[in-house]
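Welcome! Please take a look at the sequence and the 3D view, and then read on.

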Amino acid sequence: MTTEPMDPAQERLRRWRLVLGGDAADGTGCALAGRDAGMDGALTALYGRGDKRQTGKDRSAGLGASAPSVARWLGDIRTYFPSSVVQVMQRDAIDRLGLSTLLLEPEMLEAVEADVHLVGTLLSLNKAMPETTKETARAVVRKVVEGLEKRLATRTRVTLTGALDRSARVNRPRHRDIDWNRTIAANLKHYVPEYRTVVPERLVGYGRASRSVKKDVVLCIDQSGSMAASVVYASVFGAVLASMRSISTRLVVFDTAVVDLTDQLDDPVDVLFGTQLGGGTDINRALAYCQSQITRPADTVVVLISDLYEGGIRHEMLKRVAAMKASGVQFVTLLALSDEGAPAYDREHAAALAALGAPAFACTPDLFPEVMAAAIEKRPLPVPDPV
């Protein structure tokens, strides 16, 4: 059975009807049926009252505060919309309708489409979460984390292994450590025609990076509420870096207190549930702790991930960054580690860090391996162009 294509003008009216919501003044005069009617009902439940926050009696006209109605709605939107749209609608439902408390119910967690933002919401609710929900919540978080690791781990390891090898390059290598391609390229001017060969005057090779720790990396992560997605990505990257024998990785999270989660890096889910999203910020205290852990400054990369709203002592924070850089530490400041770009951040502190040679910028997860490779090799960071 074939379906005749819809008239283009009628299709435009249908789409406008779905966008406008069917109020008397929408002007389309288009009626919906079947799947379109179901899709319209799912949209109306969430967006039917415009930007007005639904509370009390009004809310009952939409999703309501009832777990069964929300569960049905979650099933509907997964039927009618692609995964990327489902995730946006779930976030809007949490923000617009105050449904966070329903995520404390195992049945709700099993129905939602898991993504980084949902993980951030669950982590912020961690302390209020009943024991009956925690195992389900960990399963949801683990699913997201495993997906991120699958996406990011291989490229990160390959990129950083190359950077470690290049940073360990030597000009008097042992025979088995000679990089013949680079050696030949560096000595082409010494080609001897009669012998049809290159006689190298300078050998290029690599140190044996895989047999020892060549770089120390400290990830210092602001766990204030606005940094939720960054905390998730940083925990995944921390676990990937910790799996590389050539890199010694330390992971530190902070608000007004400082917590070292390095001993949990073998499982990023444990790291995430060891964080406490929200609260104040004391960057100076966090950097003081990180500075105390540095034993090989010339071989250390410190990555501060923060929106830079400092609740501690500003001038001391900047002095610590300057002191670390003067000792040879490579210092990287990321305003965010997520796909959403830079959040609101303290521009004065960002400018002060840039003046110290530590430009602050937002970094996507796909760019992070390149940023770390540049820091390891002590070359300029690939700072994205401002939008």
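Helices (H or I, at least four residues) and strands (E, at least two) are DSSP runs, numbered from the N terminus. Just after one of these helices, α15, Lys378 takes a positive phi of about 60°. Please keep in mind that this is a predicted model, in which local features need pLDDT of at least 70 and side-chain atom pairs count only at pLDDT 80 or more, while totals for chains, interfaces and linings use all residues. Residues are numbered from 1 along each chain as its sequence is written, and side-chain values use heavy atoms, with hydrogens and water left out.

**The open sheet**

- Six strands make up an open sheet with mixed pairing, in the order β7-β6-β5-β8-β9-β10; two strands count as paired if DSSP finds at least two bridges between them.
- The edges are β7 (258-260) and β10 (360-363), and each has a single partner strand, so one side of each is left without a neighbour in the sheet.
- From one strand to the next, the twist averages 25°; axes are lines fitted to C-alpha atoms, for helices over the stretch in contact, and angles run from 0 to 180 degrees between N-to-C directions.
- As background, strands of a sheet pair through backbone hydrogen bonds, either parallel or antiparallel.

- How many of the residues of β5 are buried? Eight of the eight are, so β5 is largely enclosed by the rest of the structure. Here, buried means under 20% relative accessible area, exposed means over 50%, and partly exposed is in between (1.4 Å probe, protein chains only).
- In a regular strand the side chains alternate between the two faces of the sheet.
- In β5, Lys215, Val217, Leu219 and Ile221 point one way, Asp216, Val218, Cys220 and Asp222 point the other way, and all are buried.
- On one side, β5 (residues 215-222) pairs with β6 (residues 247-254) in the parallel sense over eight bridges.

**Strand β6 and its links**

- β6 is mostly covered, with six of its eight residues buried.
- To get from β5 to β6, the chain passes through helix α10 (residues 228-242) in a right-handed β-α-β crossover. Right-handed means that, with the strands pointing away from the viewer, the path from the first strand over the helix to the second runs clockwise.
- A hairpin of three residues then joins β6 to β7.
- β6 and β7 pair in the antiparallel sense over three bridges, and Phe254 stands opposite Val258 in β7.

**Positive phi values**

- Where is Leu308 in the chain? Leu308 sits in the loop between β8 (300-305) and α13 (314-326).
- Although Leu308 is not a glycine, its phi is positive, at about 70°. Leu308 is also buried, with a relative accessible area of 0%.
- Lys378 belongs to the segment after α15 (368-377), and at 44% relative accessibility it counts as partly exposed.
- Among the buried residues of α15 are Phe368, Val371, Met372 and Ile376.

- Which residues make a nonpolar surface patch of about 330 Å²? They are Trp16, Val19 and Leu20.
- Patches are made of residues with over 30% relative accessible area and no salt bridge, where like charges are joined within 9 Å and nonpolar side chains (Val, Leu, Ile, Met, Phe, Trp, Tyr) within 5 Å. A salt bridge is a side-chain nitrogen of Lys or Arg within 4 Å of a carboxyl oxygen of Asp or Glu. Accessible areas come from the Shrake-Rupley method with a 1.4 Å probe, and for residues only the protein chains shown count as cover.
- Val19 has its place in helix α1 (residues 8-20) and counts as exposed, at 61% relative accessibility.
- Val19 and Leu43 are 24 residues apart along the chain, and their C-alpha atoms are separated by 9.0 Å.
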